[in-house]
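Take a look at the protein chain below.

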Amino acid sequence: SILFQVTLNRVDQRSDGMEDLPELPPIVIDSTKDDSKSTSIVTMLTGAVDSDVESKEDEEDKKTQWSEIYLATFITFLCSVENNMISIGEWNYLQKMDPEVDNTFFALVTSITKGGHALFSLMFAFWSHRFRVSKVPLLVGRLLALCGCILYLLIEYVPTNRRYAMLFCYCLFGISFGTSPILRAFIARMSSNKSRVTAYALFSTATMFSIVIGPLGQLAFSSISYPGHEIFPGIKFHIFSAPIWIALGTNIIAIIVVFFRFDDPWEREPRAIKKTSSTTSFSLEDLKDKFASIKSLPLPWLLVGIVLFEKAIANVTLASIFSVASPLMTDVFGFDAKQTITVHAVAQLIVGLFALTISGGFMFCKLNKKISARTLLLFSLGISVSLYIVSYPWPVPTLSRPMLPRNDTAKTGCSDLHYPWCDYALAPNPWIWISVMIISMGFTFPTSSIGLDALYSRLLGNIDQTLMQGAMVIVEDVVLFFGPFYASQMFKAFSISALWTSNVFIVAFGLIVFMATFKRFKPYG
């Protein structure tokens, strides 16, 4: 077998320090050293342990390849823009294209999108892991997104039941972003344990920045009301379609970048070794064998399970807000379509700026030397509990008000046909509710994302993390699949008060679980 001995200065594997961002000196390859401390390349690819020193020495010796992490971050940003732009006006556009759309169907759209994402996250992760390839799955994902954009622009050619055609487009968007585990595993592969928090903070910044760019793109064209300008017969440019035109452009750029610039890490390995690590078979038994081999690894499985559990808890809040925010603005707060899109866009813009500031602090101000990953997650859970308490419609004049009557012309206000609680439920003060959402989401979204990603990656250690990163994405998407049904039905049947009461107990339970195991995470951040 081909053996390498990597000779570098030793570093503390559990250090919370951060490597400098400029490009680091290349790794020195020395094949003349004592073979007793050498590590097989096949072993490094499969994640198996050749000796007691392999895992620790490889992790300590590995240098972070920042240029590759920057590229993966840019690709993630291009992929995220479409979601963060389209989501702002999708509720209003669905109602415009098909008047039969209600908040239950809107929840179905969100759930189907996340369901497709969850399923194909596993498929893309297994494809990459089994066949030792990253570039081709990324290209397939972007081509699917491109098809979704084109179909979305052609929606007015559909004569009836347009909601189902739009549902198919959203499903394509969800499937296309199923390649995210490949990029997440790529970040882990390109970074050392020492720089893992910084690498994932940079990676998370891609999503944060797309949250900022998305609203700016939407606000820039908010004055072009529907039906707008007809570019081609049946293809129009207006307040609802402007985001998809931008998403079309970012997808084309992403395809070009992946095709010409992305250097597939598997292609760097010798052909003979890659062949022994992968075969041309693709079966359920192969998938079971891979999971069995991962399960047999000496990982702290209890802590891994708790991180996955906390990931699910964090997404309960996201699923609830995504599902009820738009119906809440139109049916409870009484905002019309343009007001809803504007408020939503401005709120998302401010959340993105908050998130960018926090992520930037970890990248450039070395906050990870002062704040550990586990502390970040604890802070995030505490803020989430506060969110529900402060934004609850307490029976105090300044904190709540009666429901507004229905205005069928403007399609605003509370309708007895849709909600049985219009006559007695209290509505939150809209500006207090929106302000609390902005502040809490601006803090909890980046802190939970950075904290969970860093802890999870460190718990997994020096293995090929593609499948396990896929498992984390699946946990997220399972919650985002069932969460909208849960949130929309609670909101529809019992009002926002019942939903908020249920959620605060769920998140508080997650906080208690993490506090009980807080000390056990100390070696990992």
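**A guided walk through the chain**

Start with tyrosine 93, which counts as buried because its relative accessibility is 3%. Buried means under 20% relative accessible area, exposed means over 50%, and partly exposed lies in between (1.4 Å probe, protein chains only). This is a predicted model: local features need pLDDT of at least 70, side-chain atom pairs count only at pLDDT 80 or more, and totals for chains, interfaces and linings use all residues. Residues are numbered from 1 along each chain as its sequence is written, and side-chain values use heavy atoms, with hydrogens and water left out.

Now step back to the whole chain. The protein chain has 16 helices and 6 strands. Helices (H or I, at least four residues) and strands (E, at least two) are DSSP runs, numbered from the N terminus. Of the 525 residues, 56% are buried. Contacts tell us how the chain folds back on itself. A contact means heavy atoms within 4.5 Å. Take the contacts with a separation of 6 or more: 83% of them join residues 24 or more positions apart.

Threonine 76 gives a local view. This residue is in helix H3, residues 66-97. Its relative accessibility is 4%, so threonine 76 counts as buried. Leave aside its neighbours within four places in sequence, and threonine 76 touches Leu183, Phe203, Ala206 and Thr207.

Next, the rings. The structure holds 28 aromatic pairs. Rings of Phe, Tyr and Trp (its six-membered ring) pair if their centres lie within 6.5 Å; planes under 30 degrees apart count as stacked, over 60 as edge-to-face and the rest as tilted. Tyrosine 93 forms a stacked pair with phenylalanine 240, at 5.2 Å centre to centre and 15° between the planes. This pair links distant parts of the chain, 147 residues apart: tyrosine 93 is in helix H3, while phenylalanine 240 is in the loop between strand E4 (235-237) and H9. Phenylalanine 240 is buried because its relative accessible area is 10%.

A second pair has another geometry. Tyrosine 419 sits in the loop between strand E5 (400-402) and strand E6 (426-428), and phenylalanine 491 in helix H16 (residues 466-516), 72 residues apart. Both tyrosine 419 and phenylalanine 491 are buried. Elsewhere, ring pairs link Phe333, Phe335, Tyr388, Trp431, Trp433 and Trp500 into a cluster.

Now turn to charges. Side chains of opposite charge can pair when their charged atoms come close. A salt bridge is a side-chain nitrogen of Lys or Arg within 4 Å of a carboxyl oxygen of Asp or Glu. How many salt bridges does a search of the whole structure find? The search finds 7. In one of them, aspartate 98 pairs with arginine 163, with the closest N and O atoms 2.7 Å apart. Aspartate 98 lies in the loop between H3 and helix H4 (103-131) and arginine 163 in helix H6 (residues 162-176), so the pair ties together parts that are 65 residues apart in sequence.

Arginine 163 also forms a salt bridge with glutamate 100, where the closest N and O atoms are 3.3 Å apart. Is glutamate 100 buried or exposed? Glutamate 100 is exposed, because its relative accessible area is 58%. Aspartate 98, at 5%, counts as buried. Arginine 163 is buried too, with a relative accessible area of 10%.

Two backbone details come next. Most residues other than glycine have a negative phi, and most peptide bonds are trans. The peptide bond from tyrosine 226 to proline 227 is cis, with omega near 10°. Proline 227 is in the loop between helix H8 (196-220) and strand E3 (229-232). Arginine 132 has a positive phi, near 50°. Arginine 132 is in the loop between H4 and helix H5 (135-153), and counts as buried at 0% relative accessibility.

Finish at phenylalanine 259, in helix H9 (residues 242-260). At 47% relative accessibility, phenylalanine 259 counts as partly exposed. Lysine 135 lies over the face of its ring, at 5.6 Å from the ring centre. The rule is that NZ of Lys or CZ of Arg is within 6 Å of the ring centre and within 35 degrees of the ring normal.
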